[in-house]
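Look through the sequence and the model before reading on.

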Amino acid sequence: MDYRRIVILTGAGVSAESGVDTFRDKNGLWSKIDYRDVATPEGFAANPALVHDFYNMRRRRIAELEPNDAHRALARLEREFSGEVLLVTQNIDDLHERAGSKNLIHMHGEHRSALCTHCGDRSPWEGDMSLETPCPACATVGHLRPDVVWFGEMPYQMERIYDALRAAGLFISIGTSGNVYPAAQFVQEAGRAGAHTIELNLEPSDTFDDFDEAVHGPASRVVPSYVDMLLKS
């Protein structure tokens with residue numbers, strides 16, 4: 001098929017093979033810590049030090065990891081494909097960028113970004129963050145938080161994402177559970193607009209039946225293979 005615009009959604013399964021902890025798996029982060037304590041505005045208001053410690057730990061951990069073959073294959077697709085490739089990720093790590101992806105939306109925010117709840121500034125961030133950290137823009141103290149979309153908050157750039165889904169000829173979902181909304185509805189949105197839809201996942205997702213086709217296996221194996229096929233077609 002002749003695809004001019006490709007939209008790709010990636011989830012935790014892409015980064016898991018690099019060693020990034022998942023959230024909803026049997027032994028994922030939410031089996032060890034209550035998400036309400038570290039991933040909600042209410043949790044941050046109740047115990048900001050705990051939230052900062054949690055994200056400082058994750059920021060340090062991810063800095064030690066490297067992109068895998070799935071990340072690199074998607075960056076290659078963006079470089080070599082003759083049409084347009086938009087990568088939408090639910091992941092807050094920076095492994096896609098480090099692999100070379102540039103046309104990228106972090107719909108759930110980024111661990112290497114800080115949000116000031118006082119002035120609204122978003123700033124690139126390295127290292128730890130605490131209640132004593134001043135905002136780089138307004139210099140106020142006590143209002144800086146990880147620039148991550150928490151439960152109950154609206155994901156970023158949704159209008160741009162939906163516009164891209166409606167214009168896509170091909171929609172690819174990689175490493176997602178299919179039970180996190182609104183991302184779980186992207187396949188239906190793209191399909192209604194006429195896109196061909198494919199799931200590349202370790203196992204069938206909750207939205208498996210909504211896809212035109214599926215390939216199941218580790219992302220580091222199935223993604224490079226599918227990218228090779230696209231670039232040769």
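By class, four nonpolar, one polar and three charged residues line the largest cavity. Here Ala, Val, Leu, Ile, Met, Phe, Trp, Tyr, Cys and Pro count as nonpolar, Asp, Glu, Lys and Arg as charged, and the others, Gly among them, as polar. The lining consists of Gly 19, Val 20, Asp 21, Met 57, Arg 58, Arg 61, Ile 62 and Leu 65. A cavity is a set of points on a 1 Å grid over the protein atoms alone where a 1.4 Å probe fits but cannot get out, and lining residues have an atom within 4 Å of a point.

The model is predicted: local features need pLDDT of at least 70, side-chain atom pairs count only at pLDDT 80 or more, and totals for chains, interfaces and linings use all residues. Residues are numbered from 1 along each chain as its sequence is written, and side-chain values use heavy atoms, with hydrogens and water left out.

The whole structure holds 15 salt bridges, each a side-chain nitrogen of Lys or Arg within 4 Å of a carboxyl oxygen of Asp or Glu. Three of them are listed here.

| Salt bridge | N to O distance |
|---|---|
| Asp 128 and Arg 60 | 2.8 Å |
| Arg 76 and Glu 80 | 3.3 Å |
| Arg 145 and Glu 153 | 2.9 Å |

Arg 145 is buried, at 6% relative accessible area, whereas Glu 153 is partly exposed at 26%. Buried means under 20% relative accessible area, exposed over 50%, and partly exposed in between (1.4 Å probe, protein chains only).

Methods
On a 1 Å grid over the protein atoms alone, a cavity is a set of points where a 1.4 Å probe fits but cannot get out, and a pocket is an open set with protein on both sides within 12 Å along at least five of seven lines; lining residues have an atom within 4 Å of a point.
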